Amino acid sequence: MQILLPAPVADALSRLEACGHEAYVVGGCVRDSVLGKQPHEYDLCTSARPQEVHACFEGERIVDTGLKHGTVTLISGDMPLEITTFRNDGTYTDGRHPDSVRFSDSIEEDLKRRDFTVNAMAYSPRRGLVDPYDGVQACRDRRLMAVGNPTARFTEDALRILRALRFSATLGFDIEPATAQAMNTLAHNMDKLSRERVARELNLLLMGEHAPQALRQHPHILFAALPQLAPMHHTPQRTRMHRWDLWEHTLQTIRHTPRELALRWAALLHDSGKPSTATYDPDGTSHFRGHPAVSARIAADCMASLKQSKQLSDTVITLVRHHDDRVGPDNLQKWLSRLGLELLRQLLQLQHADLAAHAPYMAPQADRSLALIRAAEERVASGACLSIGDLQIDGRALMALGIPQGPELGHTLQWLLDAVLSGRVQNEADALLALAKERARQ
Ligand code: ATP
Ligand code: MG
């Protein structure tokens, strides 16, 4: 097998070989190349020890980025390349990290410590493909399976459990039964992991093209990482508006959202408050009154427990809180003023996805959400009034009417903005002045 490598990568490999070392590209970039996908990064591994790598690239910019793990980064042109010395990770006693890292002279030993067979391949133009675990065949079969004994590998590092789900979500691969069984048995070990590592994998998982399918097949892995969501599984939705139970509805909502991180999280969390707000009529019909506020609290809790960025958390919580609020042509300008165009677009995307995951008769309503995005964009493009600064009247004009400077002036401007946003008055100086006069008289 031949893999075409970008020139800086091929150059770095030849340079290491010219210095008398073995060198390969390894891991995700080999897997993606075998799958015919463009790799998003190239990781190199070599028999050279870090100081030998330095010596080999003398005169180039090379920095120690993870010396403890044998990693240096070569910064040549606009493509930083991580170069890691072959390793043998030895024993793990904490379920997270190897007790010590030993450098090795053998690529086979380095591949043995890697998580899944599709990630345990190395390639060099000079030496060809090294694939001791049949990773190519697993790529063809779209099968994810642990290198070696899955129970042992997940006991060593519980993050691999979540990584399995993440790769299933991004690659669309099925997880081989013994690997899946070990994941489920050991999922509780994920408690020991740092929440930042968990968050990174969950973010990648949700962005996966096949995220709904992976979460359908292995929901308990997600629930082990976020126990707040476990009650969503098998919650019925007995109303004519819904065709699916709560978990399937959630997965369908994710399926209909574009692959933007905040939207994917909002889709996952939007109905998380339903299990605790569910009530049932005598005929069995379900209601979930007040669930968006409860979902927003659960969303805040999940985001905080994962130490997600403030910006992502704020966006997700806002989207979840408002997911059931009515946005229509009549109040569009008010929403635009309140959320701004970008957040309103995301809210409407979420509402579209949510409605598309209801009963089929609600499809036309889902399409209306997308039409509202276009309408909102047009309003902004045509210079619609969205803030006090956009009003065709300012504080001075109001002071001329005898309104004193101070809080009252601010209140009047805000009140005039609300009047424009709700369509009670046009944003024209004379009309606004007349209305302000009327208010001052009252
Ligand atoms: P991506 O396309 O998302 O970057 P990747 O396979 O490159 O996927 P990385 O997290 O970048 O994934 O890791 C690079 C490689 O390092 C993996 O392909 C795998 O061989 C190895 N690896 C990473 N994390 C682990 C782990 N926790 N246990 C064992 N091997 C790992
Ligand atoms: Mg990678």
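## Basis of the description

Residues are numbered from 1 along each chain as its sequence is written, and chains are lettered from A and ligands numbered from 1 in the order in which they are written. In this predicted model, local features need pLDDT of at least 70, side-chain atom pairs count only at pLDDT 80 or more, and totals for chains, interfaces and linings use all residues, while side-chain values use heavy atoms, without hydrogens and water.

## The helix pair H20 and H21

Helix H20 spans residues 407-421 and helix H21 spans residues 429-441 (helices are DSSP runs of H or I with at least four residues, and strands are E runs of at least two, numbered from the N terminus). Their axes lie 11 Å apart and form an angle of about 125° (axes are lines fitted to C-alpha atoms, for helices over the stretch in contact, and angles run from 0 to 180 degrees between N-to-C directions). H20 is therefore oblique to H21 (under 35 degrees is roughly parallel, over 145 roughly antiparallel, 65 to 115 roughly perpendicular, and the rest oblique).

The contact (heavy atoms within 4.5 Å) involves Glu408, His411, Thr412, Trp415, Leu416, Ala419 and Val420 of H20, together with Leu432, Leu435, Ala436 and Arg439 of H21.

## The open sheet

Seven strands form an open sheet with mixed pairing, in the order E3-E4-E5-E2-E1-E8-E9 (two strands pair if DSSP finds at least two bridges between them). Strands E3 (61-66) and E9 (128-130) stand at the edges with a single partner strand each, so one side of each has no neighbour in the sheet. From one strand to the next, the twist averages 30°.

E3 and strand E4 (residues 71-76) run antiparallel and are joined by 5 bridges. Arginine 61 has isoleucine 75 in E4 as its bridge partner.
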